[in-house]
Amino acid sequence: MTADEGADRRAELARSLEQTEARIQAACEAAGRPRRDVTLIVVTKFFPASDVELLADLGVTDIGESRDQEAAEKVTGLRTRLGDRLPAVHFVGQLQRNKAASVASYVDVVHSIDRERLAVALDKGAVRAGRQLDVLLQVDLDPDPDPDRGGLPPTEVSGLADRLTAYPSLRLRGLMAVAPLGADPAEAFGRLGAVSEQVRAAYPDATIVSAGMSADLEQAIAAGATHLRVGTAILGSRPPHR
Ligand SMILES: *Cc1c(COP(=O)(O)O)cnc(C)c1O
């Protein structure tokens with residue numbers, strides 16, 4: 001990237017961040033919620049580490065990634081270049097068990113736990129790395145659940161939350177969901193809020209509700225989301241998969 005290209009990209013990211021911030025503020029105001037209750041995670045998957053540096057420079061504190069190999073490479077390089085300014089790293093994609101130990105070594109929060117075997121593998125990796133990991137249970141809000149999509153049916157969330165207590169290096173911090181395709185996101189996120197309330201009754205630290213992406217962040221904020229995962233609206237269309 002030339003210096004000019006870097007400056008252009010910085011201006012582009014600054015503008016789209018500002019537009020997204022305006023949407024978040026308007027939605028918080030409409031919902032009567034303070035802006036500080038909502039954390040913006042910028043999903044940087046498929047975008048280069050140079051974009052993360054620009055975003056960190058623009059004040060972004062949290063990024064999301066969804067593939068281990070790509071994320072591991074980016075985070076390793078960025079840790080050297082950014083030091084303390086490295087944003088918190090959230091793993092938001094589906095996680096394979098054989099990648100869990102690697103992910104446990106460099107991410108701060110895993111959003112996509114949906115089975116105990118994954119928790120076992122993450123715990124092992126976290127212990128080996130001498131780290132504590134914040135984890136969220138992924139809820140499948142589709143009335144017609146599809147095991148390939150990831151996520152637990154709402155009725156199974158409490159059971160898995162209870163089983164997580166066996167893994168001391170994992171801290172249950174809340175829930176995550178994606179609005180089902182074609183569904184009304186407001187209705188779906190409303191159900192997520194109800195499950196979250198149940199889980200919080202037993203686990204008061206499980207306060208995170210990770211919901212809302214580029215297309216539905218307003219509905220998520222209205223339904224009580226605490227963490228938004230926004231990619232396209234800030235970075236533009238994702239480059240094609242490798
Ligand atoms: C890619 C991704 C996002 C970001 O989606 P956009 O529509 O680009 O904002 C959010 N959450 C998850 C789980 C993702 O995989």
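**A first look at the salt bridges and the ligand site**

Arg67 is partly exposed, with a relative accessible area of 29%. Its partner in a salt bridge is Glu70, and the closest N and O atoms of the two are 3.8 Å apart. Please keep in mind that this is a predicted model.

**Salt bridges**

- Glu70 has a relative accessible area of 8%, so it counts as buried, the limit being under 20%.
- Arg67, at 29%, is partly exposed because its value falls between the 20% limit for buried and the 50% limit for exposed.
- Another salt bridge joins the side chains of Glu116 and Arg163, with 2.9 Å from N to O.
- The count of salt bridges comes to 16.
- Side chains of opposite charge can pair when their charged atoms come close.

**Around the ligand**

- Where does the ligand sit? The space it takes is the largest pocket.
- The residues around the ligand are Val43, Lys45, Val92, Met213, Ser214, Arg229, Val230, Gly231, Thr232 and Arg238.
- This shell divides into four nonpolar, three polar and three charged residues.

- A side-chain N or O atom of Thr232 lies 2.5 Å from an oxygen atom of the ligand.
- Lys45 has a polar side-chain atom 2.6 Å from an oxygen atom of the ligand.
- For Arg238, a side-chain N or O atom is 2.8 Å from an oxygen atom of the ligand.
- On its own the ligand has 390 Å² of accessible area, and the protein covers 86% of that.

Terms used: Residues are numbered from 1 along each chain as its sequence is written. This is a predicted model: local features need pLDDT of at least 70, side-chain atom pairs count only at pLDDT 80 or more; totals for chains, interfaces and linings use all residues. Side-chain values use heavy atoms; hydrogens and water are left out. A residue is near a molecule or strand if one of its heavy atoms lies within 4 Å of it. A polar contact is a pair of N or O atoms within 3.5 Å; within protein, one must be able to donate a hydrogen and the other to accept it, and residues adjacent in sequence count only if both atoms are side-chain atoms. Accessible areas come from the Shrake-Rupley method with a 1.4 Å probe; for residues, only the protein chains shown count as cover. On a 1 Å grid over the protein atoms alone, a cavity is a set of points where a 1.4 Å probe fits but cannot get out, and a pocket is an open set with protein on both sides within 12 Å along at least five of seven lines; lining residues have an atom within 4 Å of a point. A molecule sits in a cavity or pocket if more than half of its atoms lie within 2 Å of its grid points. Ala, Val, Leu, Ile, Met, Phe, Trp, Tyr, Cys and Pro count as nonpolar, Asp, Glu, Lys and Arg as charged, and the others, Gly among them, as polar. A salt bridge is a side-chain nitrogen of Lys or Arg within 4 Å of a carboxyl oxygen of Asp or Glu. Buried means under 20% relative accessible area, exposed over 50%, partly exposed in between (1.4 Å probe, protein chains only).
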